[in-house]
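Please read the briefing below alongside the sequence and the 3D view.

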2 protein chains.
Amino acid sequence: MTTRWLSPDEQRAWRAYIAASLLLEDAIDRQLQQDAGMPHLYYSILSVLSESPERRLRMTDLAERLKITRSRLTYAVTRLEKDGMLRREACRHDKRGSIAALTDEGFAVLERAAPGHVETVRSFLFDRLSEEQVGQLEEISAAIAQGLQEDGTRSAADDVPWRRRSSPSCS
Amino acid sequence: MTTRWLSPDEQRAWRAYIAASLLLEDAIDRQLQQDAGMPHLYYSILSVLSESPERRLRMTDLAERLKITRSRLTYAVTRLEKDGMLRREACRHDKRGSIAALTDEGFAVLERAAPGHVETVRSFLFDRLSEEQVGQLEEISAAIAQGLQEDGTRSAADDVPWRRRSSPSCS
DNA sequence: AGGGCTTGGTTCAAGTTTGAAACAAACCTA
DNA sequence: TAGGTTTGTTTCAAACTTGAACCAAGCCCT
């Protein structure tokens with residue numbers, strides 16, 4: 001089977017998407033680094049914790065929610081703990097487990113940074129989209145995420161075709 | 001002015017978007033690392049070069065197209081040059097300039113990796129979206145990117161409001 | 001109970017990214 | 001045309017990410 005290259009429409013969409021996601025993450029990282037002294041992911045960790053029962057969550061659950069690897073989370077949590085934003089606690093029922101618990105200080109930092117963060121997200125994202133587009137964005141994102149999560153079994157592409165042609169495009 | 005928090009719809013869209021973009025970039029990075037021995041950004045560098053006149057581009061232009069910092073590009077290009085994927089050349093007209101030129105080997109690597117890459121993008125993204133959604137994705141992305149590029153002047157948010165409330169949400 | 005497999009988490013080295021600082025060439029402008 | 005500013009690129013240290021390897025602790029299974 002010969003490769004189905006991207007159509008011009010798909011090309012454009014793909015490139016626009018890549019550019020937008022790079023720019024957006026950059027902008028948000030910069031804003032949070034400025035105002036909260038931490039990158040977006042770290043802020044998200046605090047945010048997820050703040051909404052969890054008792055403001056605490058097991059490492060694995062946290063990683064799962066944030067869609068990041070456990071090792072990445074370990075590093076981040078270590079830094080955040082060092083900064084006093086959260087505390088690690090032992091898990092009573094499962095001695096292997098480790099629980100990240102938001103401290104009052106962490107919560108306070110979150111509270112202080114939240115308005116600025118929301119404002120940024122708004123001005124760079126939602127202010128630019130119609131209500132309709134917000135819905136579309138959610139659906140599109142959900143569709144993508146769903147395909148990439150299929151029970152964790154990294155299935156897919158068991159049948160990648162190999163061919164060549166003159167100018168490989170698609171960045 | 002009191003903070004305009006995200007509506008439930010916006011919340012969901014935002015979170016879905018974050019999750020999707022993380023998962024997608026991860027999947028693509030893994031695929032390219034596997035099949036081409038380099039992360040997505042590095043592949044994109046080669047790809048952009050391959051489509052440029054004479055398969056060469058000045059560093060600044062390359063950085064501009066890829067929406068990354070010059071310093072990030074310098075690092076990447078250094079690695080790619082070490083691997084023989086491209087060569088740095090002096091710029092005749094402007095002695096400050098440095099030009100990245102795709103080598104034949106680089107082009108060959110690109111050619112070999114392209115089908116697998118396209119297949120991945122297709123299976124994780126376009127196969128999951130309707131034709132309509134592809135169009136929507138492009139428009140949404142373009143709108144976002146546009147707002148973040150306004151002539152390079154990192155304007156925006158000169159009027160961030162500061163307030164607090166009970167549970168700061170929005171990851 | 002005694003393996004052996006799985007799960008939860010961390011560790012480590014290698015690779016990458018960031019942002020500020022350093023340099024050098026080009027471009028004014030008085 | 002000397003001196004100051006801007007532009008193009010690299011450098012450097014610190015922070016972050018990756019993936020494989022490791023260590024326990026739980027979970028079977030006999």
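The points below describe chain B and its side towards chain A.

This is a predicted model, in which local features need pLDDT of at least 70, side-chain atom pairs count only at pLDDT 80 or more, and totals for chains, interfaces and linings use all residues. Residues are numbered from 1 along each chain as its sequence is written, while chains are lettered from A and ligands numbered from 1 in the order in which they are written.

**The sheet**
- In chain B, 3 strands make an open, antiparallel sheet in the order E1-E3-E2; strands (E, at least two residues) and helices (H or I, at least four) are DSSP runs numbered from the N terminus, and two strands pair if DSSP finds at least two bridges between them.
- Strands E1 (56–58) and E2 (86–90) of chain B are at the edges with a single partner strand each, so one side of each has no neighbour in the sheet.
- From one strand to the next, the twist averages 25 degrees.
- E1(B) pairs with E3(B) (residues 98–102) over 3 bridges, and Arg56(B) is opposite Ala101(B).

**Helices on the sheet**
- H2(B) (residues 40–51) packs on the sheet, touches E1, E2 and E3 of chain B, and runs at about 90 degrees to E3(B); angles run from 0 to 180 degrees between N-to-C directions, with axes fitted to C-alpha atoms, for helices over the stretch in contact.
- H4(B) (residues 70–82) also packs there, touching E2 and E3 of chain B, at about 115 degrees to E2(B).

**Contact with chain A**
- 69 residues of chain B are in contact (C-beta atoms, placed from the backbone, within 7 Å) with 68 residues of chain A.
- On this side of chain B, H6(B) gives the most, with 15 residues.

Note on methods: Two residues are in contact if their C-beta atoms, placed from the backbone, lie within 7 Å.
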